[in-house]
Amino acid sequence: MIPYPAHIPSRPFQYRVLVYAVAACAFTTGIAALLLRVFDLSNVVMVFLLTVMLVALRWGRAAGALAAVVAVASFDFFFVPPVWSFHVSDTQYLFTFLLMLVVALITGQLAARLRAEAVGAAAGERRANALATVATDLSVAVQDEDIARICDTRIGPLLDGKVTLLLPGRDERMPSSGHGDTGIAQWVLEEGLPAGRGTETLPANSATYLPLTTPLRTRGVLMLERGAAQPLDAEQLGLLRAFQSLLALAIERVHFVEVAHETQLHVEGERLRNALLSAVSHDMRTPLTAIRGMAGMLGESEVAQAIVNQADRMQRQVTNLLDAVRLQSEGVRLDLQWHALDELVGSALAATPLGARQVVVDIPAELPLVELDATLFEHVLVNLFDNATKYTPGDATLYIRAGHTGSKLRLRVEDDGPGFPPGIDIQALFAEFARGTRESAVPGVGLGLSLSRRIVEAHGGSISASRREPHGACFDILLATGEPPAVDLEDPA
Amino acid sequence: MNKPRILVVEDETDIRRFLRLALEREDMTVFEAGDALQARIDAASRQPDLIVLDLGLPDDDGKAVIRDVRGWSSAPIIVLSARESEAEKVAALESGADDYLVKPFGVPELVARVRAQLRRASLAGARGQASAIVRFGDIEVNLATHEVARGSEAVHLTPIEFRLLATLVRGQGKVLTHRQLLIDVWGPGHASRSHYVRVYMANLRQKLEEQPARPRHLVTELQVGYRLAGIVESS
């Protein structure tokens, strides 16, 4: 649908063709006068009929009709006795005139129609040729610049003006440095309606702005500047409409080519990154597995146990580093599923060597399921539990509590250890590579908490730390509960 | 009783060596294979009682080896996975593996898993049908009468809860994936609703575990499935 002035200006009637028709009849009369010296009068009639047909063929319907009348009149005046008079002595000739007029009119009109159709066909062919040329050029365009050039060099001349392609930037705004009136172009882009000269909107403007609309959306604006040229004729209007559709489709195609290309690059990048990550992961875990396993063979000795502990610690650092790399890379995809929080806590507790520390878990059974990436979230919990074991004495107690209020779910991990050293900024612990004390004897690079924060925030939640009274550390995780999927209840049997 | 015959398939020499040492110390006969080709040959010629298989083999996918071996052998298969991807473990279990260990793992863990799987296999082989009464911890399950007792007290389970428990019991300590549990308990139409299993497992834990958040028997294999641990052999 391209709303554009529907009135098609008809070609103005040209009165000079009537003069030509009369002149042709006069010329024929002269010829006929010469022929009459050799041929019979009835043969001369044919010359007039031929003239009428040729006039109609050349100059159209009206000229043909006039020629028919003039031819009959000339024949009567100059050749039918008494000559030089419209009088007719032999009534036979009246019948001749009538017949001649009818035949002249019919052949004239037929010839004129033939001509009109030929003209129409030629115009159609010209239009088809123009369209085909532009379509061919557009089909090989791979960039917006190619399309703009086709507008300028091909379409412009066909419409007797200057045609400029205006395209919005990525932010859907028309660039202000571009051609024409940015404001009008922006309006046309947003409304999908034409504006400017020859339209209902801002007709005083010197240029016409036409939307390039595809079934999905308006992709650009075509600016047509024709100066003082005549309004577009029917043929040019038809062409313009066809060009609008062609251009819109070409722009859309170029757009999708770009999108496909970018997607491919993104997928390639992600595949490479994943391949790299799993290779690094494999290469680091293989020696760790061997070290840990061999140490296990050494029996229950203290040295062997220390090696096992360090290997475990190293393993957690590797996990943290891999998580960090994965989260840092753009567009991390969380594997979100509905989980029971106590299950995750249990799984993380089982994965952390807590020694002789007591663990008190208070998670209400009616806590709703929560949507999260279990692998990553388990790493958060393991980091918190691991921290608790690193910074508390062996007889400390760990409290894990959960509850929900409104749309928030809170998980609190506390210990009754010595807590954070006095005077440090607790919230700064979540910054990258921050630790409670510099160069502490406790291993770790401070990656755990910053990573935990990033994982929790990727879930749309928050994590904070506070001091616990009378002593100890407290970590709070807040998550949105969301709308858990329904589970069909069964009848209790 | 004959020494159990274990086939270890692992491409890293050092890991293979420690697996061999650890298992031989437990009085087992160990055969080693370094790639999938050798693994297929040994699995057929050595007739192992159990296979420990690394998923990342140089010449073929470990899952393809599992499927091949499962075609003609019911020997338990324990998968070693260094991979982060839980989907990989699920795929291995659904190809026919019985349990998995994530690298790095400790010797006690390895030995415990191997022993559990050997016991499971010998039970299944000896009687064909497991006994109707199964015990774990202080829980007693009667598969025939659908009665469950905790200590001396009867525990009331809904039909679905019982079906879930019975499926885990029949698994005899094998890791059952969410998908396998959903198909067994709810039917094939529910295969993708893993939150169903989570909700009903939570119920079961509330009724059967002392500390539901630190389960001793109804063990979660995160992102993979569940396993019933600590089944006592009925006398």
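**A walk through chains A and B**

Leaving out residues up to four places away in sequence, B:Ile51 touches B:Leu7, B:Val9, B:Ala43, B:Val69, B:Ala75 and B:Ile77; here two residues are in contact if their C-beta atoms, placed from the backbone, lie within 7 Å. Before we go on, a word on the model: it is predicted, so local features need pLDDT of at least 70 and side-chain atom pairs count only at pLDDT 80 or more, while totals for chains, interfaces and linings use all residues. Residues are numbered from 1 along each chain as its sequence is written, chains are lettered from A and ligands numbered from 1 in the order in which they are written.

B:Ile51 is among the residues with the most contacts inside the largest nonpolar core, which has 109 residues, and A:Val345, A:Leu381 and B:Val79 are also among them. Such a core is a set of buried Ala, Val, Leu, Ile, Met, Phe, Trp, Tyr and Cys residues joined through C-beta atoms within 7 Å. A residue is buried if 20 or more other C-beta atoms lie within 10 Å of its own, exposed if 12 or fewer, and partly exposed in between. Helix α10 of chain A gives this core its largest share, 10 residues. Apart from it lies another core, of 36 residues, including A:Leu159 and A:Met223.

Now to B:Asp54, where UniProt, in an unreviewed entry, places the feature "modified residue: 4-aspartylphosphate"; UniProt positions follow the numbering used here, feature names are shortened, and annotations may be inferred rather than shown by experiment. B:Asp54 is in strand β3 (residues 50-54) of chain B. Helices (H or I, at least four residues) and strands (E, at least two) are DSSP runs, numbered from the N terminus. B:Asp54 counts as buried because it has 28 C-beta neighbours inside 10 Å. Beyond its neighbours within four places in sequence, B:Asp54 is in contact with B:Val9, B:Glu10, B:Asp11, B:Gly62 and B:Leu80.

Helix α1 (residues 13-25) of chain B holds B:Leu23, which counts as buried because it has 21 C-beta neighbours inside 10 Å.

Finally, see where the chains meet: 39 residues of chain A are in contact with 34 residues of chain B. On the side of chain A that touches chain B, the largest share, 13 residues, comes from α7(A). The residues of that side divide into 20 nonpolar, 13 polar and six charged, where Ala, Val, Leu, Ile, Met, Phe, Trp, Tyr, Cys and Pro count as nonpolar, Asp, Glu, Lys and Arg as charged, and the others, Gly among them, as polar.
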